[in-house]
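Subject: Structure handover

Dear colleague,

Here is the structure I said I would pass on. Please look it over before reading the notes below.

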Amino acid sequence: MTQAIYYVTQHSIEQNLVKGKISKAFANIPEQAIAIPIEERLDKETLLSSLAKAGNFPSWFGHNWDAAWDCLTDSDIEYLTLDLTAVKNMNTEDFNVFKSLIEDAFKEFGKPQLWIVVASDDLS
């Protein structure tokens, strides 16, 4: 796998679990992937807080994008998942910054990789 971000639909996961098989995209999510817990609201604050908690960031974590990049690239975290199926209020700009952060870290260090679970086949 040579890219930073992958998208998986909730529908494909459910269908393959019912049929007893796993889709290639879902099967490639490593078991050790760390889930970033997000509920109804996705913005900078919730992303950074959830990432810090999931990644067990140090107490000095500054809750900003630069500090997140530093903590991610200094950590042993290789794989992340972000389930967006419950999100009802998304700050698209913050989400795009987060994805850019992941892509930049991956480009520089080869990690982390992120699997994003979306509700439908609309993988925009």
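This is a predicted model: local features need pLDDT of at least 70, side-chain atom pairs count only at pLDDT 80 or more; totals for chains, interfaces and linings use all residues.

Residues are numbered from 1 along each chain as its sequence is written, and side-chain values use heavy atoms, with hydrogens and water left out.

Some terms first. Helices (H or I, at least four residues) and strands (E, at least two) are DSSP runs, numbered from the N terminus. Contact, also written here as touching, meeting or packing against, means heavy atoms within 4.5 Å. Buried stands for under 20% relative accessible area, exposed for over 50%, and partly exposed for what lies in between (1.4 Å probe, protein chains only).

In soluble globular proteins, nonpolar side chains tend to be buried together.

Leaving out residues up to four places away in sequence, Leu 82 touches Ile 36, Ile 38, Leu 42, Leu 47, Phe 95, Phe 98, Leu 114, Trp 115, Ile 116 and Val 117.

Helix H3

H3 covers residues 44–54. Its N-terminal end is capped by Asp 43, with a side-chain oxygen 3.3 Å from the backbone nitrogen of Glu 45. The buried residues of H3 are Thr 46, Leu 47, Leu 48, Ser 50, Leu 51 and Ala 52. They pack against strand E2 (34–36), strand E3 (41–42), H4, E4 and H5.

Thr 46 counts as buried because its relative accessible area is 17%. Its side chain reaches the backbone oxygen of Arg 41 at 3.2 Å, a polar contact (a pair of N or O atoms within 3.5 Å; within protein, one must be able to donate a hydrogen and the other to accept it, and residues adjacent in sequence count only if both atoms are side-chain atoms). Not counting residues up to four places away in sequence, Thr 46 touches Ile 38 and Arg 41.

Helix pairs

Axes are lines fitted to C-alpha atoms, for helices over the stretch in contact, and angles run from 0 to 180 degrees between N-to-C directions. H3 and H5 have axes 9 Å apart and pack at an angle of about 40°. In this pair, Lys 44, Leu 47 and Leu 51 of H3 meet Asp 94, Phe 95 and Phe 98 of H5. The residues of this contact divide into four nonpolar, no polar and two charged. Here Ala, Val, Leu, Ile, Met, Phe, Trp, Tyr, Cys and Pro count as nonpolar, Asp, Glu, Lys and Arg as charged, and the others, Gly among them, as polar.

The axes of H4 (residues 65–74) and H5 (residues 92–109) come within 10 Å and cross at roughly 35°. Residues of H4 in this contact include Trp 65, Trp 69 and Leu 72, and those of H5 include Val 97, Leu 101 and Phe 109. The contact of H4 with H5 divides into ten nonpolar, one polar and three charged residues.

Val 97, in H5, is partly exposed because its relative accessible area is 30%. Val 97 and Trp 65 are 32 residues apart in sequence and 8.2 Å apart in space, C-alpha to C-alpha.

Loops and the N-terminal segment

Asn 56 lies in the loop between H3 and H4, just after H3, and takes a positive phi of about 55°. Asn 56 counts as exposed because its relative accessibility is 68%. His 63, in the loop between H3 and H4, has a positive phi of about 50° although it is not a glycine. His 63 is partly exposed, with a relative accessible area of 43%.

The peptide bond from Lys 111 to Pro 112 is cis, with omega near -10°. Pro 112 lies in the loop between H5 and strand E6 (113–118).

Thr 2 lies in the segment before strand E1 (5–9) and is exposed at 74% relative accessibility. Leaving aside neighbours within four places in sequence, Thr 2 is in contact with Phe 106 and Gln 113.

Regards
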